[in-house]
Amino acid sequence: MSRTIPLEKVRNIGIMAHIDAGKTTCSERILFYCGKNYKLGEVHDGAATMDFMVQEQERGITISSAATVVSWKDHQITLIDTPGHVDFTAEVERSLRVLDGAIALFCAVGGVQPQTEQVWRQSEKYEVPKLCFVNKMDRIGADLMGTVDEIRDTLRACPVLMVYPIGKADSFEGVVDLLDMRAVRFEEESRGVKLLYSEIPAELRTACEEARHQMIERAAEQDDALMEKYFAEGTLSNDDVVKGLRKGCLARKLVPVYCGTAFKNKGVQLLLDGVTRFLPSPLDDGIVHAHDNPADTREPRDDAPFAALAFKIVADKHMGRILYMRIYSGTLRVGQTVLNSVLSVDGRIGRIFRMHANHQEAIEVAMAGDIVAVAGLSRTRTGDTICDPAHPIVLETIEFPAPVMAVSIRPATRNDNEKLGTALHTLASEDPTFSVTYDQETSETIISGMGELHLDVLVDRLRREFGVGCEVGRPEVAYRETMTVPQEGSYKHIKQTGGRGQYAHVCLRIEPQEAGRGFSFVNEVKGGNIPSEYIPAVEKGVIRALESGPTAGYPVVDVKVTVYDGSAHEVDSSEHAFVEAGRQCFRQLFLKGEPELLEPVMDVEVTVPEDYMGAATSSICQRRGRIEGMESKGVSRIVNGFVPLAEMFGYSNTIRTLTQGRGSFTMHLERYEAVPYEMAEAIVEKRKKENKVRG
Ligand code: GDP
């Protein structure tokens, strides 16, 4: 079977936007214009197609990273949903990893808002070429040029206007297409939106000519041959302009800018033309490399060995567990055996689906550049590589930040008990930034995530989607434990209480590791002093101690543990005895090694009107924060600082009260730092009282 759409006509894109800028409305319009949708659903009446989950509609935030396929003018566009809220970092990271290009959407009144700035920076890290769409041109105060200035100044990009607005706010009618130099107005019909072309209004002529001139100059600058042509002829053909701008866009030297109003159905079609003209196809992205061997590559060709990245797992009510994957090279067929090269396990592809907004299409074959959902491969996790068993390759995985906030959760009734466990397991397998731990001593289940909103949404899903009644405690900071001074020592686990005794003797060395290194375990036992079959038991014991740290019951990070000696007894030694010896030996040494409690420190950015700058600065300092910088942006001031997460509870209310509702803030994890000594002591005391510290 050969492909129906040539690879150069495939676009895998995401829309990045601040909450409320109109991403849902815009995505929905795209689905509509691309003919896959039945009717125009407004976000207001909750009929928007991209919002699969109920609470997304209620909260107006888009969480799911659904990949939806549409077609526009003989191109195949896959829209990968990218959330605007920073609590959903995992979704942003994974979508940026698999998309080739993005639309950055702005509200024409709000301009460049802090969260968009953050996602923009993330997208630069992944070298994603972008277009801009300035939405809500129909609103009072809409300011296209102001937003364009901010794209230049705040985002440090080079914006190139592709359209020029006709009218503004209430009287916004349409745009002048600066490539074709004609006015485009939009007429809503029962079955779609018709584009009406006419001459440029006389009063806009000069401004449009100037903007077109700028556009041609930017295009010429991208390429020596075009520059020569431009000098010789004083202008460029439209084909050459598109060629130049495309080159600049792909090299991330410029961003074409469109404007309109998704809500009033004006301007989105031209944006779609922009997507097909300027954003990359999988061919432009070229080859992918093996993570540990850049010389081992895969080309975006259907006849190359198959290689794909699993980027999302969803528990679908009807289809069961499905896996979204981006195919980088080769062809995938139903029934084919593939290799998960990270786990080294083979699996069979059950079914393959192409996801549309409101239905799934079962397909037999998927090819290079496609983003598809597959059933089967039950062990595969987010970030794993799936490939041809005859040509194994491991692509770079997707890194997710560790959870920073935790809350205890209890089933509301006995009946809910089992359901809760299953539902939590499902949610955790979908979302790599969500983790579940069970504390046997206190019979408490603790769930951890990226922030209050993240956990709220998950608890909401438990109740609605899974129908589990549950009660949650107060959210708490997810502290960690580590140690600072290397220690060496031994422990003997001996019990002689009638019957068969227990004997295990281990000698461990434990050392602090560089932050972020996690845990490593080394076996240096010589001469079988501890028989090799018991070494895994020692490691298991250490891991148990790590899960509930000796100081305060928090997870232990960044330690290296070496088992270098010990002894065993022919009759009395057992796996159980070595687990216990490993656990106790680690605990004792850890407590001697000057342990520290670590806390998440957030990078906080507060935006306030000028008059409230003092209040914003002191609100950071009062929270054990450090000011890192201050900046002006129009009439606003931005204060940037590092503040421990523990001090940030309820900050959104504080900042609202302090600034009479005119300030806002964003934050994300910067790093983990040691908790000041006295505070750490108080936390340890509290945890001991709550029975959270094990002996
Ligand atoms: P999201 O949070 O970015 O997904 O934004 P939504 O698409 O949910 O839109 C947020 C609100 O802005 C909704 O009430 C929309 O109806 C409204 N909205 C979206 N686009 C426009 C627009 O172009 N003009 C106006 N006036 N409102 C819009």
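Which side chain has an N or O atom 2.8 Å from a nitrogen atom of the ligand? Select D138: an N or O atom of its side chain lies at that 2.8 Å distance from the ligand nitrogen. Keep in mind throughout that this is a predicted model.

**Stop 1**

A polar atom in the T25 side chain is 2.5 Å from a ligand oxygen atom. An N or O atom of the T261 side chain lies 2.7 Å from an oxygen atom of the ligand. On its own, the ligand has 580 Å² of accessible area, and the protein covers 87% of it.

**Stop 1: the shell**

**Stop 3**

Leave the ligand and turn to the aromatic rings. The structure holds seven aromatic pairs. Select Y534 and F578. Their ring centres are 4.8 Å apart and their planes meet at 20°, so this pair is stacked. Follow the chain between the two: Y534 sits in the loop between β31 (519-523) and α13 (535-547), while F578 belongs to helix α14 (residues 575-592). The two are 44 residues apart, and the pair links distant parts of the chain.

Are these two residues buried or exposed? Y534 has 15% relative accessibility, under the 20% cut-off, so Y534 counts as buried. F578 has 0% and also counts as buried.

**Stop 2: an edge-to-face pair**

Next, select Y651 and F665. These form an edge-to-face aromatic pair, with 4.9 Å from centre to centre and 80° between the planes. Y651 is in helix α16 (residues 651-658) and F665 is in strand β36 (residues 664-674), so the pair ties together parts 14 residues apart in sequence. Check the surface at Y651: its relative accessible area is 1%, and Y651 is buried.

**Stop 3: charges over rings**

Finish with two arginines. Select R182 and Y197. The charged end of R182 sits over the Y197 ring, 3.7 Å from the ring centre. Then select R687 and Y554. Here the charged end of R687 sits over the ring of Y554, at 3.8 Å from its centre.

Methods
Residues are numbered from 1 along each chain as its sequence is written. This is a predicted model: local features need pLDDT of at least 70, side-chain atom pairs count only at pLDDT 80 or more; totals for chains, interfaces and linings use all residues. Side-chain values use heavy atoms; hydrogens and water are left out. A polar contact is a pair of N or O atoms within 3.5 Å; within protein, one must be able to donate a hydrogen and the other to accept it, and residues adjacent in sequence count only if both atoms are side-chain atoms. Accessible areas come from the Shrake-Rupley method with a 1.4 Å probe; for residues, only the protein chains shown count as cover. Rings of Phe, Tyr and Trp (its six-membered ring) pair if their centres lie within 6.5 Å; planes under 30 degrees apart count as stacked, over 60 as edge-to-face and the rest as tilted. Helices (H or I, at least four residues) and strands (E, at least two) are DSSP runs, numbered from the N terminus. Buried means under 20% relative accessible area, exposed over 50%, partly exposed in between (1.4 Å probe, protein chains only). A charge sits over a ring if NZ of Lys or CZ of Arg is within 6 Å of the ring centre and within 35 degrees of the ring normal.
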